Amino acid sequence: MLGERLAHYRILERIGQGGMGEVYKAEDLKLLRLVALKVLRRGSGGTSEEAHARLQHEARAASALSHPNIATIYEIGEGERDGQRVSFIAMEYVPGRRLTEAAAEADGVPAIVALVKDVANALDEAHRSGVIHRDIKPSNVLVSNGGRVKVLDFGIAVYCPAADASRETWSGPLAGAKGPDGELLGTVSYMSPEQILGRDLDARTDVFSLGVMLYELLSGRLPFQGATVGATFDALRHGEPEPLPFVTP
């Protein structure tokens, strides 16, 4: 796909992939700027209608937010790839590195805490707008070359009316803690106990995931883990993390 065009975007290089699609660095030929293009992978997650609904859901969730620590969504569109129509999201391109890499290069504990504080600020804005991310983890956070934190991937975000009664619910097929096929949505090691149990969630599930992420960045290991998925579930529900091996100044 490199060098090809998708709608008015020229694909430059592949920069990542997730459960739903592949992400490319691309050039917007209309506005002459670089973008990150998330292209729906064929056969990803159920029917094409369900996959498109999830992509549209992600675009709506992130575009409802405006914050310097949240990646900006430019548009959701469709184009032709190998003779077939595919959906995509065009979003802000953030040259930089993953949060884990930035934390490893950070100058001590206060610098790591400052990075996570920016993630907390982004989540505070999302929660004030009634949006729960549900998949906070280091791989969903970028740090730009200028040092700015950007939270990405609102693909399984959910709208919580209790957080913002002035907005209508638009969460569509992802309104609950589980997906349309009953599968848990999120990344096991960072899930809150309520998320694992498939219960209705509020903003506290993101706060729990944020704490897990901070623990991991400070200690180099996850606070709750097991040899199997089931063991990890049990550790999250009943376990206590080991105290950090140092005291934060």
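Phe 208 counts as partly exposed, its relative accessibility being 25%, whereas Phe 224, at 10% relative accessibility, counts as buried. The structure in which these residues are found is a predicted model, and the protein it describes contains six helices and 11 strands. Of its 249 residues, 46% are buried, and the protein exposes about 12200 Å², of which carbon and sulfur atoms supply 49%. Among the contacts with a separation of 6 or more, 55% are accounted for by residues 24 or more positions apart.

Two aromatic pairs are present in the structure. In one of them, the ring centres of Tyr 9 and Phe 88 are 5.6 Å apart and the ring planes stand at 80 degrees, so the pair is edge-to-face. Because Tyr 9 belongs to strand E2 (residues 9–17) and Phe 88 to strand E6 (residues 84–92), this pair ties together parts that are 79 residues apart in sequence. Tyr 9 and Phe 88 are both buried. Phe 208 and Phe 224 also form an aromatic pair, which is stacked, with 6.0 Å from centre to centre and 15 degrees between the planes. Phe 208 lies in helix H5 (residues 204–219) and Phe 224 in the loop between H5 and H6, 16 residues apart, and the pair thus links distant parts of the chain. A ring is involved in a further arrangement, in which the charged end of Arg 33 sits over the ring of Tyr 74, at 3.7 Å from its centre.

Helix H6 (residues 229–238) contains Phe 233, a residue that is partly exposed, with a relative accessible area of 23%. The C-alpha atom of Phe 233 is separated by 8.9 Å from that of Met 191, although the two residues are 42 residues apart along the chain.

Three strands form an open sheet with the order E7-E9-E10 and antiparallel pairing. Strand E7 (96–98) and strand E10 (149–151) are the edge strands, each of which pairs on one side only, and neighbouring strands of the sheet are turned by 30 degrees against each other on average, direction ignored. E7 is joined by three bridges to strand E9 (residues 141–144), and the two strands run antiparallel; Arg 97 stands opposite Val 143 in E9. Helix H3 (residues 109–128) lies across E9 and E10, and runs at about 40 degrees to E10.

Conventions: Residues numbered from 1 in each chain as written. Predicted model: local features only at pLDDT ≥ 70, side-chain atom pairs only at ≥ 80, totals over all residues. Heavy atoms only, no water. Pairing = 2+ DSSP bridges. Helix = DSSP H or I, 4+ residues; strand = E, 2+ residues; numbered from the N terminus. Axes fitted to C-alpha atoms, helices over the stretch in contact; angles between N-to-C directions. Contact = heavy atoms within 4.5 Å. Buried < 20%, exposed > 50% of the residue type's maximum accessible area, 1.4 Å probe, protein only. Areas by Shrake-Rupley, 256 points an atom, 1.4 Å probe, with all protein chains shown as cover. Phe/Tyr/Trp six-rings, centres within 6.5 Å; stacked < 30°, edge-to-face > 60°. Lys NZ or Arg CZ within 6 Å of the ring centre and 35° of its normal.
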